[in-house]
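Please open the structure in your viewer and keep the selection tool at hand. At each stop you will be told what to select and what is there.

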Amino acid sequence: MKLTELIQKLNLSVRSAKGHLEREITGGYASDLLSDVLANCKEGNIWITLQIHQNIAAVASMKDLVGIILVNGREPEPETIEKAEAENIPVMVSELPTFELVGKLYNLGVSGLEE
Amino acid sequence: MAPNNKISKIQELVYEIKVGEVMKKDVFTVSPRTHMSVLRLILQDKRFSGTPVIDKGKLVGIISVEDFIKWLADREQDCPISEKMTRCVRTLYADEPLTHAINKFERHGFGRLVVIDRQNGKLRGIITKGDIVEGLLKKLEVDYDDDETRRRRIRHFFEDILADKATLLFHYDVIGHDFQRAGECASRLKATLKRLGLHPQVTRRVAIATYEAEMNLVIYTDGGHIRVRVEPHEILVRVEDSGPGIPDVEKAMQPGYSTAPEWIRELGFGAGMGLDNIRKCASKMALRSTVGKGTRLRICVSVENGAENETN
């Protein structure tokens, strides 16, 4: 599934890198520990977190992630948007809490395990 | 680029780009039964210089400002458009190259040409000289961007260097406790390695290991520096700081062990996985630390092993 499709189906608000929403999603990972994401998230994954500071953009860029979804309607810090723009990382906001959002993602066919 | 090249590029593009790609698609049309008095309002309101006349989905003519002026000048009675429109309309097919459109414009001196579908003759759009210029400019811009990125990608960089041994050295300064700029060194290093055309897997391993090391300097030390040595067969990252040092290196290497304060953990750092992540990314790793003096970390990523399946 493409990121654009996901944005539409989950009613996400895009906060950065609006020109980079055409990538294919390979899977998903939910974590608020950056080192955990660096260790376990896979290239092309979508990352679900409540962290909003600018290091999430760096982490997503390191792992070539397809984008970051912030939960509970948490807004990224201005520096985060700036950094994410520079790294072409789409940061999106969902009103849902992590549990609900991940459930919906799973139902849409986004898996946490490699096929 | 020389001006001559540009011209030939445009000549190439006018054959490559199709009329359908640059034409305006949402076209305002009128019925042949519309009266000339109504047309006046439409032309005034929409500021058109002409518009296609459509009957039952088919193009039957075109009515222009010239036709309208002629009708005014002749001081005739109000009548349907069908009596005054130009019936013999010059059309283009949407799949024709731009060069056909340019030729037609030159030959007939029209301001606009109606574009129809080759299969069913239905109206597809309208094209003006302005649309052609706009389409060409857009295409040139895209090509220019592609060219720029291609130039940056220095593939097989080392193959172009004629020497018995070639080494590239990069130096980065890390400022302690500066969470605003934390990770910048690793980001810059990653961008650099990418441009050098290193294998994406190798680049990612080096970048992640460097990021974790950089974060350790930011969280626990007053700063330090990172030196990176790039050779055709391996990348060596040396990270140095001047304190406080790690009391128990073995313990620090255990996944999950952390001495980070609560507020740092709340930011998502200090999970006790950094050194373990580095170990997973590295082909070889060495950590030496003296309490009160500082820590030296050597991370080696071999190009051959690094390009194999990612372990983390």
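**Before you start**

This is a predicted model, in which local features need pLDDT of at least 70, side-chain atom pairs count only at pLDDT 80 or more, and totals for chains, interfaces and linings use all residues. Residues are numbered from 1 along each chain as its sequence is written, chains are lettered from A and ligands numbered from 1 in the order in which they are written, and side-chain values use heavy atoms, with hydrogens and water left out.

**Stop 1: chain B as a whole**

Select chain B, which has 12 helices and 10 strands; these are DSSP runs numbered from the N terminus, where helices (H or I) have at least four residues and strands (E) at least two. Of its 312 residues, 43% count as buried, where buried means under 20% relative accessible area, exposed over 50%, and partly exposed in between (1.4 Å probe, protein chains only). Among the contacts (heavy atoms within 4.5 Å) in chain B between residues at least 6 apart in sequence, 62% join residues at least 24 apart.

**Stop 2: the largest nonpolar core**

In soluble globular proteins, nonpolar side chains tend to be buried together. Now select A:Trp47, B:Tyr211, B:Val228 and B:Ile299, which touch the most other members among the 62 residues of the largest nonpolar core, a core being a set of buried Ala, Val, Leu, Ile, Met, Phe, Trp, Tyr and Cys residues joined through side-chain atoms within 4.5 Å. Helix H8 (residues 200–220) of chain B gives the most to this core, with 11 residues. If you centre the view on B:Ile299 and leave aside residues up to four places away in sequence, you will find that it touches several residues, including B:Ala209, B:Ala213, B:Val237 and B:Ile278.

**Stop 3: aromatic pairs**

How many aromatic pairs does a search of the whole structure find over all chains? The search finds 3, where rings of Phe, Tyr and Trp (its six-membered ring) pair if their centres lie within 6.5 Å, and planes under 30 degrees apart count as stacked, over 60 as edge-to-face and the rest as tilted. Select B:Phe68 and B:Trp71, whose ring centres are 5.6 Å apart and whose planes are at 45 degrees, so the pair is tilted. These two residues are 3 apart in helix H4 (residues 65–73) of chain B, and are therefore separated by about one helical turn. B:Phe68 is buried at 8% relative accessibility, and B:Trp71 is buried with a relative accessible area of 8%.

Next select B:Phe179 and B:Trp263, whose ring centres are 5.5 Å apart with planes at 70 degrees, so the pair is edge-to-face. B:Phe179 lies in the loop between strand E6 (168–175) and helix H7 (184–195) of chain B, and B:Trp263 in helix H10 (residues 262–266) of chain B, so the pair ties together parts that are 84 residues apart in sequence.

**Stop 4**

Select helix H3 (residues 36–46) of chain B, whose buried residues are B:Met36, B:Leu39, B:Ile42 and B:Leu43. Seen down the axis of H3(B), the buried residues fall within an arc of 100 degrees, so they line one face of the helix; the arc is that of the directions from the helix axis to the C-beta atoms. On the other side of H3(B), B:Leu41, B:Gln44 and B:Asp45 are exposed.

Finally, select helix H11 (residues 274–281) of chain B, where 6 of the 8 residues are buried, so this helix is largely enclosed by the rest of the structure. The cover over its buried residues includes helix H2 (34–40) of chain A.
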